[in-house]
Amino acid sequence: TESLTVAALAKKLHREPTEVVKKLFMVGVMATVNQELDKDTIELICEDYGVEVEEEILVDSTDLETYFDEEVEAGKMIERPAVVTIMGHVDHGKTTLLDSIRKTKVTAGEAGGITQHIGAYQIDNDGKKITFLDTPGHAAFTTMRARGAKVTDITILVVAADDGVMPQTVEAINHAKAAEVPIIIAVNKMDKQAANPDRVMQELTEHGLVSEAWGGDTIFVPVSALNGDGIDNLLEMIGLVSEVEELKADPTRRAMGTVIEAELDKGRGSVATLLVQDGTLRVGDPIVVGNTFGRVRAMVNDIGRRVKEAGPSTPVEITGLNDVPLAGDRFVVFEDEKTARSIGESRAQQALQAQRGEKTRVSLDNLFEQM
Ligand code: GDP
Ligand code: MG
């Protein structure tokens, strides 16, 4: 809740409830002692008493999701690259398509840099960047959706033209629909003798995905992930859909986003691939990641280069966390290490208690007590 009764507020301010009622009256709010006040009114009264109200007082500061909802200035929002996930039935060509896209767009100079695999990569398509999540689409979607984290802007549904709609194709459609993510169909393996794109179109119609050619609004792109045919067209369609979606972010905000994958490395300790979704992440930033925390020690981009900062829609691998987070965990940067540590430790504690089945709700009163 983001509200308090007049009596409760008076108690916090060490004033008589009747005095607060009077104060409210003075600012034009008629209220009784037991009346609930909204956040704005509470702020107004506190201001009047010269008490500074921090946002964190009224919201659960350990709930990382609340930082994603922080208000941003519209004027600071700029276009950001689309984050794309590839899904589809096993063997329909997801991995081949991801490889093929990467190969066509990574310049010769950069190619040598791809020594490691960070679970996501970014390409430059005619001056417009696109981020591809290189994780198995289903796993990414299910864990991330289970945690309520939205990371994907567009889903490419790969359907082999010689095989048609299969169980995992349907599963992918359901995931994308539930997450309200636009779907582009890549009709793959068009180079095969047995390719039958009409059958794919027909079968997908039964799932509400009707091609533009048939009067619907779903984009179908025939491709061959194997020989690269149609890839440029597919990238162009991604560009079109991104424009329609008007994807924006504020690079001046505190950085926040989602864990794509994480593991414990023998030499480097906890290593996590993060997708920065808003703000700019910098080396040295105090950070809370899931139920762990730390300071960004080193940051490596998708082609294995060390970077000092990463803006919206950029995947990076970081070290410096004190524990290993989980895929789908959210991360948020804080102003100082002390805050990050305190929030991280509370979250770890809450997770531990939740595991033990205890009730862990932090009440508003507790939060006020901590002031
Ligand atoms: P995934 O399970 O969806 O990741 O599928 P893969 O990318 O591993 O592809 C499965 C098989 O299909 C592999 O043997 C690929 O070489 C083959 N394959 C993928 N795309 C194409 C294509 O466009 N044409 C042909 N002929 N084979 C393809
Ligand atoms: Mg694969």
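This is a predicted model: local features need pLDDT of at least 70, side-chain atom pairs count only at pLDDT 80 or more; totals for chains, interfaces and linings use all residues.

Visitor: Which residues have the most contacts inside the largest nonpolar core?

Guide: In soluble globular proteins, nonpolar side chains tend to be buried together. Here the largest nonpolar core has 26 residues, and those with the most contacts inside it are Leu-97, Ile-101, Phe-132, Ile-156, Ile-184, Leu-234 and Ile-238. At least two residues of this core come from each of β4 (82–88), α6 (94–105), β5 (120–125), β6 (128–133), β7 (154–160), β8 (183–188), β9 (219–222) and α11 (231–245). Helix α11 gives the largest share of this core, six residues.

Visitor: With what is Phe-132 in contact, leaving aside its neighbours within four places in sequence?

Guide: With those neighbours left aside, Phe-132 is in contact with Val-84, Ile-86, Leu-98, Ile-101, Ala-120, Tyr-121, Ile-123, Leu-235 and Ile-238.

Visitor: How is a pair of packed helices described?

Guide: Two packed helices are described by the angle between their axes and the distance between the axes. For helix α2 (residues 17–26) and helix α3 (residues 39–48), the axes come within 11 Å and cross at roughly 105 degrees. Because angles of 65 to 115 degrees count as roughly perpendicular, α2 is roughly perpendicular to α3.

Visitor: Which residues of α2 and α3 meet?

Guide: From α2, Val-20, Lys-23 and Leu-24 meet Thr-41, Ile-45 and Asp-48 of α3. By class, this contact has three nonpolar, one polar and two charged residues.

Visitor: In what order do the six strands close into a barrel?

Guide: The order is β11-β12-β17-β15-β14-β18, with antiparallel pairing. On average, neighbouring strands of this sheet are turned by 45 degrees against each other, direction ignored. Helix α12 (residues 337–355) packs on the sheet and touches β14 (286–289) and β15, its direction making about 15 degrees with that of β14.

Visitor: How many bridges join β14 to β15, and what lies between these strands?

Guide: Four bridges join the two strands, which run antiparallel, and Ile-287 stands opposite Gly-294 in β15. The strands β14 and β15 form a hairpin with two residues between them, and Gly-290 in the turn has a positive phi of about 55 degrees.

Visitor: Is β15 largely enclosed or largely open?

Guide: Seven of the nine residues of β15 are buried, so this strand is largely enclosed by the rest of the structure.

Terms used:
Residues are numbered from 1 along each chain as its sequence is written. Chains are lettered from A and ligands numbered from 1 in the order in which they are written. Side-chain values use heavy atoms; hydrogens and water are left out. A nonpolar core is a set of buried Ala, Val, Leu, Ile, Met, Phe, Trp, Tyr and Cys residues joined through side-chain atoms within 4.5 Å. Buried means under 20% relative accessible area, exposed over 50%, partly exposed in between (1.4 Å probe, protein chains only). Contact means heavy atoms within 4.5 Å. Axes are lines fitted to C-alpha atoms, for helices over the stretch in contact, and angles run from 0 to 180 degrees between N-to-C directions. Angles under 35 degrees count as roughly parallel, over 145 as roughly antiparallel, 65 to 115 as roughly perpendicular and the rest as oblique. Ala, Val, Leu, Ile, Met, Phe, Trp, Tyr, Cys and Pro count as nonpolar, Asp, Glu, Lys and Arg as charged, and the others, Gly among them, as polar. Two strands pair if DSSP finds at least two bridges between them.
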